[in-house]
Amino acid sequence: MTDTPALPLNDGNSIPQLGFGVWRLEEADAPKVVGAAIDAGYRHIDTAQGYDNEAGVGEAIAQASVARDQLFVTSKLRNGHQGYDSALRSLDESLGRLKLDYLDLFLIHWPAPEHDRYADTWRALVEARKQGKVRSIGVSNFLPEHIQRIIDETGVVPAVNQLELHPAYQQRDIREWHRDKDIQIECYSPLGGQESKLLEDETIKGIADAHGKSTAQVIIRWHLQQNLIVLPKSSKPERAKDNFDVWDFVLSGDDIAKIDALDRPDGKTLPQPDENNQLF
């Protein structure tokens, strides 16, 4: 089994570069699916309160043959739980469902700027880190202006920002901004959605055939070689295992350039929260 490379975070911790996402994974299926992912080699598990499967993920962690300190576990705050006191209570509830004493990473899932609670919520995460309930703290789906505000108000820079990012939606305009701030980018929906049709793309298929790999493995490798954290998900253990099998080949500069050329303005797959911020 190959150990997953780790990237440094700006708080002195590190994060496994390849993780296992559990969005849309049913609670009842989580113990088996996440357990199989851990057996396949994943050491980074990414869940969220809004996925409604934290308890199942916690069961998988409790049953795993891998020690807790060998795992990197992330969860995210539900939009409706934003606010200083509410966020701290909600974190404790997540820890209870996951049966953990601490999280390796806790994120604000969306800024929800119309409710204007994300700055106070960030202060709560800073406090939770001081209390040892969280090793690292970050955000998800935040634009640069949202991140700059919480930095200005607290002096604390998020360790990561989790964003949709894949070959059809490469977010080049803000990646450099994050590098300048020393904020790592975590990529969800890395294989794109049905709209992007990346898994059927002829360019990627050609590259995959040349390496004897699948299109999914090539796309994951593209993320890894750009020093991005990548979070593929699958409810099928065999596919999750295949997605981890990306350490025995390297994309050439020409391969990378061909995939880079697939970026397009309409490549985004996940909608923004609705007017009531009901998305997660």
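This note sets out numbered points on the structure shown above.

1. Basis of the note. The model is predicted: local features need pLDDT of at least 70, side-chain atom pairs count only at pLDDT 80 or more, and totals for chains, interfaces and linings use all residues. Residues are numbered from 1 along each chain as its sequence is written, and side-chain values use heavy atoms, with hydrogens and water left out.

2. Helix α8. Helices (H or I, at least four residues) and strands (E, at least two) are DSSP runs, numbered from the N terminus. Among the buried residues are Thr 215, Val 218, Arg 221, Trp 222 and His 223. The buried residues of α8 pack against α6 (172–181), β9 (184–188), α7 (202–211), β10 (229–230), α9 (237–244) and α10 (253–260); contact means heavy atoms within 4.5 Å.

3. Which residues does Ile 207 touch, not counting residues up to four places away in sequence? They are Val 218, Leu 251, Asp 255, Lys 258 and Ile 259. Val 218 is among the buried residues of α8. Ile 207 lies in helix α7 and is buried, with a relative accessible area of 3%. Ile 207 and Ala 124 are 83 residues apart in sequence and 46 Å apart in space, C-alpha to C-alpha.

4. The structure holds 15 salt bridges, a salt bridge being a side-chain nitrogen of Lys or Arg within 4 Å of a carboxyl oxygen of Asp or Glu. One of them joins the side chains of Asp 46 and Lys 76 (2.6 Å, N to O). Asp 46 belongs to strand β4 (residues 44–46) and Lys 76 to strand β5 (residues 72–77), so the pair ties together parts that are 30 residues apart in sequence. Both Asp 46 and Lys 76 are buried.

5. A salt bridge between helices. Glu 54 forms a salt bridge with Arg 97, and their closest N and O atoms are 2.7 Å apart. Because Glu 54 lies in helix α2 (residues 54–63) and Arg 97 in helix α3 (residues 84–98), the pair ties together parts that are 43 residues apart in sequence. Glu 54 is buried, with a relative accessible area of 2%, whereas Arg 97 counts as partly exposed at 33%.

6. A salt bridge between loops. The side chains of Asp 248 and Lys 213 meet in a salt bridge (2.8 Å, N to O). Asp 248 is in the loop between α9 and α10 and Lys 213 in the loop between α7 and α8, so this pair ties together parts that are 35 residues apart in sequence.

7. A network. Salt bridges also link Asp 116, Asp 120, Arg 123, Arg 149 and Glu 153 in a network.

8. Thr 47. This residue is in the loop between β4 and α2, and Thr 47 is buried, with a relative accessible area of 0%. Leaving aside neighbours within four places in sequence, the contacts of Thr 47 include Glu 54 and Lys 76. Glu 54 is the salt-bridge partner of Arg 97, and Lys 76 that of Asp 46.

Definitions and conventions:
Buried < 20%, exposed > 50% of the residue type's maximum accessible area, 1.4 Å probe, protein only.
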